[in-house]
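This report examines side-chain contacts in a protein model, with attention to aromatic pairs and salt bridges. The sequence and structure are shown first.

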Amino acid sequence: MVTPSGELAHDSELGTGITRRRLLTGTGVALGALALPSWRTASAAAPSKVIADGDRVPALVIGSGYGGAVAALRLTQAGIATHVVEMGQSWTTPGSDGKVFCSVLKPDGRSFWFRDRTDQPVNYFLGFDANKDIARYAGVLDSEQFAATRVYQGRGVGGGSLVNGGMAVTPKRAYFQEVLPSVNADEMYAKYFPRANAGLGVNTIDQTWFESTKWYRFARVGRASAQAAGYSTTFVPNVYDFAYMKQEDAGTKTKSALASEVIYGNNYGKRSLDKTYLAAASATGRLTISPLHTVTSVAPASGSGYTVEMTQIDTAGNTVARKTVTADRVFFAAGSVGTSKLLVAIKARGKLPNLPGAVGDGWGNNGNVMVARANHIWDTTGADQSTMPAMGIDNWNDAAGPVFAEIAPFPAGTELWISLYLAITKNPNRAKFTFNTSTGKVDLSWQASWTQPSIDAAKRVFDAINAKAATIYRTDMFGTYKTWGDDFVYHPLGGCVLGRATDGYGRLPGYPGLYVVDGSLVPGSIGVNPFVTITALAERNIEKIIVTDLA
Ligand code: FAE
């Protein structure tokens, strides 16, 4: 069973999630150092003053996802003025409908990062293209197309935390050790996983409510068919405030997870990083966030430190400014794809020529593959579905093909008899990022056929479920007559792997003061949804770096 180390109980009294008292009593973490504000009272981290051309700064963090947010909090708490540079916008201003984010059912320009049409993961229905035309805008979800896969990523202050399903899963210890053997697992499971779970505000669903509410009927139906076929299921913790969700159900709070909001952002209820780690970093008074700034180059500065070049855009994509700043230390936190692309391009352009050959290597898709089943007419999954997954099928210990499958919602607002799954499998294939001199872009060598081991593993499980339930696969949701959603990924990992492209703590060899702190450190697979691992690893690495390099 997958259980988070040190996860927090939700506060049923206030119905609002984590209070400072709970934080202080609920975990074994040294919370004097953590000092996170209450989830309810924390003002979201918003940019106060953006970085200026010619600035010299002690610490610059590229990207504001999990790795970047952990670095920002720990550096500012250590007394270091820290500047976060984020290519997406700060999601704090409501649109004309009064909402910051749009829903999955009514996407507009806010949904996607500079596209004229949505590019939904489930992009077909009954054989028809389910996408919609939208205005071109600095939207919150990017679908980045490479030759044989597209990678979904969050864009904005908070990175992937703005768009993800909030599933907060601590990996199985044996698999963590297999994937990252050089990392002390005792220390991770005693100290850094609990610290990450506390900092992220992880909570678990009230199981009595889960068993009775219409909003999780889809998960109960998914559980029943899995268990009938002999598979075990497990509840999955989340960073969405489940107490808030119950109030949505009761009609006392504005609906978000219960109003089809998720991959284009949640207006309420979600403990995204701008409300947790980044808000706490902001509260130190030592944090500056520059949204809509994209870092394009990092090179040694004359004298000391690094010259960092960046481009500032407006929400329409027009270039507003080009800036060059100098940073004593630079933390790469642009995500697996962002950091890998940046470092590979910078190396190829001769700006950091001595970066190790392993930079760009070891990228994987965490074995992601999606699939849907058609249920019997009497097995309704519900017109009303919460967007936050709360249950998974755990077949990871099956040596013939490990699978951890999230029972995913399909919140269409109407009964569709669909059971949808995101399967995480153990796929051994790894791709490489390389600089393409003719296009000036970075390519990813992933091949379409490399997803086959993931399909094979997932097929064993879902064939067995279908056989027992006498049901069939849907073939109309990922293309026309296409069963498997195998050409996109939610969990990009690797590209700058710990202990290969960096030292054992994310330092880039040959360039003192350059660090990698995000999902690019994890070598392509972690067996569960990855953000708790990325956060915990960042906590471990930044603690070491602050003590040894910054003291
Ligand atoms: P990430 O969060 O992607 O942050 C990188 C940031 O850097 C982004 O904000 C970028 O905009 C920014 N950036 C990139 N390039 C530049 C540049 N050149 N200059 C300035 N800024 C830049 O990285 N994981 C789970 O554990 N549970 C889930 O339920 C889950 N659901 C997901 C659902 C969706 C739709 C998606 C897309 C992902 C999901 N994930 C989930 C994956 C998770 O969000 C992802 O692993 C983490 O966000 C990765 O964290 P990083 O810090 O590596």
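## Aromatic contacts

One aromatic cluster is formed by Phe146, Trp363, Phe433, Trp446 and Trp450. Rings of Phe, Tyr and Trp (its six-membered ring) are taken as a pair if their centres lie within 6.5 Å; planes under 30 degrees apart count as stacked, over 60 as edge-to-face and the rest as tilted. Across the whole structure, the search finds 25 aromatic pairs.

In one of these pairs, the ring centres of tyrosine 421 and phenylalanine 462 are 4.3 Å apart and the planes stand at 45 degrees, so the pair is tilted. It ties together parts that are 41 residues apart in sequence, because tyrosine 421 lies in strand β15 (residues 418-425) and phenylalanine 462 in helix α11. Helices (H or I, at least four residues) and strands (E, at least two) are DSSP runs, numbered from the N terminus. Tyrosine 421 is buried at 1% relative accessible area, and phenylalanine 462 is buried at 0%. Here buried means under 20% relative accessible area, exposed over 50%, and partly exposed in between (1.4 Å probe, protein chains only).

## Basis of the model

The model is predicted: local features need pLDDT of at least 70, side-chain atom pairs count only at pLDDT 80 or more, and totals for chains, interfaces and linings use all residues. Residues are numbered from 1 along each chain as its sequence is written, and side-chain values use heavy atoms, with hydrogens and water left out.

## Salt bridges

Side chains of opposite charge can pair when their charged atoms come close. With a salt bridge defined as a side-chain nitrogen of Lys or Arg within 4 Å of a carboxyl oxygen of Asp or Glu, the whole structure contains 30 salt bridges. Among them is the contact between glutamate 144 and lysine 341, at 2.5 Å from N to O. This pair links distant parts of the chain, 197 residues apart: glutamate 144 belongs to strand β5 (residues 141-145) and lysine 341 to helix α10 (residues 335-348). Glutamate 144 is buried at 13% relative accessibility, whereas lysine 341 is partly exposed at 28%.

Glutamate 211 and arginine 223 form a further salt bridge, with their closest N and O atoms 2.7 Å apart. Glutamate 211 is located in helix α6 (residues 207-212) and arginine 223 in helix α7 (residues 217-228), so the pair joins parts that are 12 residues apart in sequence. Arginine 223 is buried, at 15% relative accessible area.
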